[in-house]
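Subject: Structure handover

Hello,

The structure we discussed is below, and my notes follow it. Please read them with the coordinates open.

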Amino acid sequence: MSTTSRAKKPIVAVVIIVLVLIAGVWYYTSQSTPAVSTTTASLTTGSSSAQSGAPSTLVIDDPFWPSGDLNQLNSIYAIPYPDWLTYTVYQSLVTLDGNALYANGDVKVLPMLATDWTASSDGTTYTFDLRQGVTFSNGDPFNAYQVWGQMWGLYYLSSNSSAFLNAYPVFDMSKANFGPATLALMAQSGLVNPSPDLMKIMTDNTQPIYVTGQYQIVFHLKAPFIYFPSTLVAFVGLIFDTQYVLQNGGFGTPVAFNTNFNQKPIPGTGPYVVTDVSENSYVKFAKNPSYWGDSLSAADIQANAYLDPGHVQNVIVYTKSDDVARFTDLSTGAAQISGIESQNWPQVLKNPDKYGYFVMPDASMAFVGISMNTHRYPTNITAFRQAVVHAVNLTDISQRVFFGGLAPMIGPEYPAQKEWYDLGNLPQYSNDLTVAKQYLAQSGVDVSTLPPLEFRVVSGCTYCYSTAQIVQADLAQIGITLNIEVTPGNQWTLPYVAGAGTYQQGLNASQQVAQFTWFGTGTFAPGAPTPADAWLLFASDKTPANNYAIYSNPTVQACVDAWTSENDPGVIKSLCTAAQKQMYDDAPYIWLGAIKLVFGGGSVAWQKSVVKSALLDPVFTGISSTVIFNTVTFVGS
Amino acid sequence: MNLTKYILRRVAFGALVILSVMTITFVLSHSLGGDPVYAWLGKAAGMHPELAQAYIQKYHLHDPVYVQYYFYLVNLAQGNLGYSPSRNFVPVTEVIAETLPYTLQIALFAIVITLVVGITLGVVSARYHHTPIDATIRAFYLTGYASPPFFVALLLLIVFTYLLGILPSGGAFDPTLTKPTWITGLPIIDSLIEGNFPYFTSALTHLILPSCALALVTFGIVTRILRSSLLEIMHTNYIRTARAKGLDENTVFYKHGLRHALIPIVSLSSLIVTWLITGTIFVENVFSYPGMGRYVVQALNGEDYPGILGTAIVFALVIVTANLIADILYAVVDPQVRLG
């Protein structure tokens, strides 16, 4: 046999093998991509013919491991994220009506660990009556002393920041006197039956947070804030067993939090407890046998779904970073609920009989957007920004990137805040190249000599990059050239990205910050479900973070300031109507739209034959990327 | 030179390599750009500037690189690899202690599969050289060798989990099972020792795909080297003598030829360990296996300098040790090596 013909055989074999592999991969991935069904409700009815009843263990796959682990002391940093312990292990004083929230985007505050609350006539003092007879899962009693201890402990860990409560600077901490000495006294005394010395400190009504009894706690604000209760719904508002913290090493220090609770979480009052943790792999939960809500009636739970004791004994939440692995688990039944991202989303859409998935209401608080640097040429020119917002085709982006899953939005207010959304009834910016060119001419910018502008998107966000490419093509039609800079996550910070720091820090770095920046690292959801949230974050010169456009305007700032100083909603509305118009005219942001799918290009999906319904967190995935699993109901049960 | 001197020289060289890896990794990781305090604290750095400042001072984040390196070496001398921001400031040593056993499990199994498959196919390929069997084997190993490990991992996941449904998609074991007590530090071995067979079976099934993904891209070089080595040896004089003595071909091949042909595999084994260890970074992320490879990616994404350095040191240590063992074994087998 000749050498040439001998060499041919392995080559031919390799080619055949590669062709077979390509054919297999093509078969697996080649599907038409139906759009998101706008009629798919967030609470999907499962098929009646399949297996019935809850599984013995509910398995959920999530793309992310909690940043901050399971340590609830990190809540002042708005982590852990995702916090799978939200409402499953930890509960807050108040919550939202989850059914109303995800059916219609209605924001209704409901009691949770508080039974009721009152506000003083001047709107600065809120008194909460706490639920009695509630214990943490380890038997420690829940009471006002525990809540007091938690709030002050977290204030201490934040390095005594007056904005420790989810970045809302509502307290006057100038006379606050809490530090290591008080913590030591707390540890010595305990919070179950506090010593007289500790009681004296806890009942001191000159302080912003104090107790008036075992089951009553008072928050005194520096100025009226009518939406204060909503700030307690998540993050810092999730109540943990402070007594347990004190007995297990304490809070730590501002630069060295107690890490004992990373994988051994602090007990909570919720319907589940953590039974096992494998770092970066899974968390196991089991029902809390002493959950106070076990005695709630079906009507109680229907009225307040987040109080549900849960319908399955055991839950395992896995972190699986690979989308193929998560989809595989969902399709084989290894997981009943799984977060599926854009890579495999078409597989979910083409099997509507097999998979249900979460669709946000049009009125939600999760959105995607692009910021324009209002301090760097040429995006510092208002007319230029107006040209941009009229050139970008939002419908195209929605169809091609988000499977049709973007609901139109006029920011900054979240659509779910219906009373406050789009004050002035302003229309969407028209996608009109003629109008865009007119604005461009008005701006005085000569695009023929303009160097390419920077557009930063974070690495790993596929839909961010896909959107950027469409925006790039749209702006090219009016002569603007964009360079898309895919930025590693560890550089998604100052001086490259303004939203990572305060407004002033962003301003200082404004000439380095890109002209265009993706808003956040993917989708954006609030830290607290208040109508003030968006204004405080995106439009304020006092914001601690998220003012990606480095935007400030006196008319807008008047609205921002009114939220935490004005008791009359009518006055706030008047100021914010003017502010809304101002921001509309200034156009510092391109509001791409409110997302319908949890991950933008994908969502939380479930096996329709097993799962009937579920709710997400009360801040539209601001605190968790998967379902609140005590709200999961099952087909046939 | 005698064996002791040879070993000491190799150890000294290994220490130098580790120091170089550490220095280069330190400099490169500090050149990633961005302010690490924002990567570590996220929005908290903006929300609480005084907290950011405290972290900057405590970890010397804004000091020159050589100053930071000095403090790192001082801590290292005390056995302190620092605290891992991407793991919520848990000591790096703790994270490594937690993750390294899982990576070693994958690597060890992958080594076994690589050697068993590689040697078997190398022998068969050489025995039936220039036949369709030889051609098929060569095509097979070339395809594996040319494929990136993450690609092979995804393919295996699609075939064995998605299509056939016979192996799990990820993780290290079924969390509903009782974990074994710590004996050797390798959970799969510990479960076998204490007779925890459900856990052992679960851990084994979870190991198969990641280990095979690594082995499939590595065995090819073993097969190729062994095939070439065997074919060369089978034409030497002593083999001709063995045949002339009237020994049957199988005895000549396996007893006389194979034994010597395996010697290059010994020195190759250190390279295999290197490829397998570095390949775990891809494979562990595809299969969500909680080993050091996953931690490395997490540390890189979080600009976690202590984590990046700690894992680099451990990887370098493992690879240098493997090379050292290979060199020693080779020197034992072939004394001529020591004379160089």
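This is a predicted model: local features need pLDDT of at least 70, side-chain atom pairs count only at pLDDT 80 or more; totals for chains, interfaces and linings use all residues.

In chain A, an open sheet of seven strands with mixed pairing runs in the order S12-S13-S14-S1-S15-S23-S16. S12 and strand S16 (355-357) of chain A are its edge strands, each pairing on one side only. From one strand to the next the twist averages 20°. S13(A) and S14(A) are antiparallel and joined by five bridges; A:Tyr282 sits opposite A:Tyr318, which is in S14(A). H8(A) lies across strands S1 (57-62), S15 (337-340) and S23 (603-607) of chain A, at about 150° to S15(A).

As for chain A as a whole, it has 17 helices and 25 strands. Its radius of gyration is 26 Å, close to the 26 Å from the globule rule for 637 residues, so chain A is as compact as a globular protein of that length. Along the principal axes, the C-alpha atoms of chain A fill a box of roughly 95 × 65 × 50 Å. Of its 637 residues, 57% count as buried. Among contacts in chain A between residues at least 6 apart in sequence, 74% link residues at least 24 apart.

Some backbone details are also worth a look. Cis peptide bonds join A:Tyr81 to A:Pro82, with omega about -5°, and A:Tyr377 to A:Pro378, also with omega about -5°. A:Pro82 is in the loop between S1 and strand S2 (91-92) of chain A, and A:Pro378 is in the loop between strand S17 (367-372) and helix H10 (382-391) of chain A.

Two residues other than glycine have positive phi: A:Asn166, near 50°, and B:Ser288, about 50°. A:Asn166 is in the loop between helices H3 (144-157) and H4 (180-189) of chain A, and is buried, because 24 other C-beta atoms lie within 10 Å. B:Ser288 is in the loop between helices H13 (263-286) and H14 (292-301) of chain B, and is buried, with 25 other C-beta atoms within 10 Å.

Regards

Terms used:
Residues are numbered from 1 along each chain as its sequence is written. Chains are lettered from A and ligands numbered from 1 in the order in which they are written. Two strands pair if DSSP finds at least two bridges between them. Helices (H or I, at least four residues) and strands (E, at least two) are DSSP runs, numbered from the N terminus. Axes are lines fitted to C-alpha atoms, for helices over the stretch in contact, and angles run from 0 to 180 degrees between N-to-C directions. Two residues are in contact if their C-beta atoms, placed from the backbone, lie within 7 Å. The radius of gyration is taken over C-alpha atoms; the globule rule is 2.2 Å times the number of residues to the power 0.38. A residue is buried if 20 or more other C-beta atoms lie within 10 Å of its own, exposed if 12 or fewer, and partly exposed in between; C-beta atoms are placed from the backbone.
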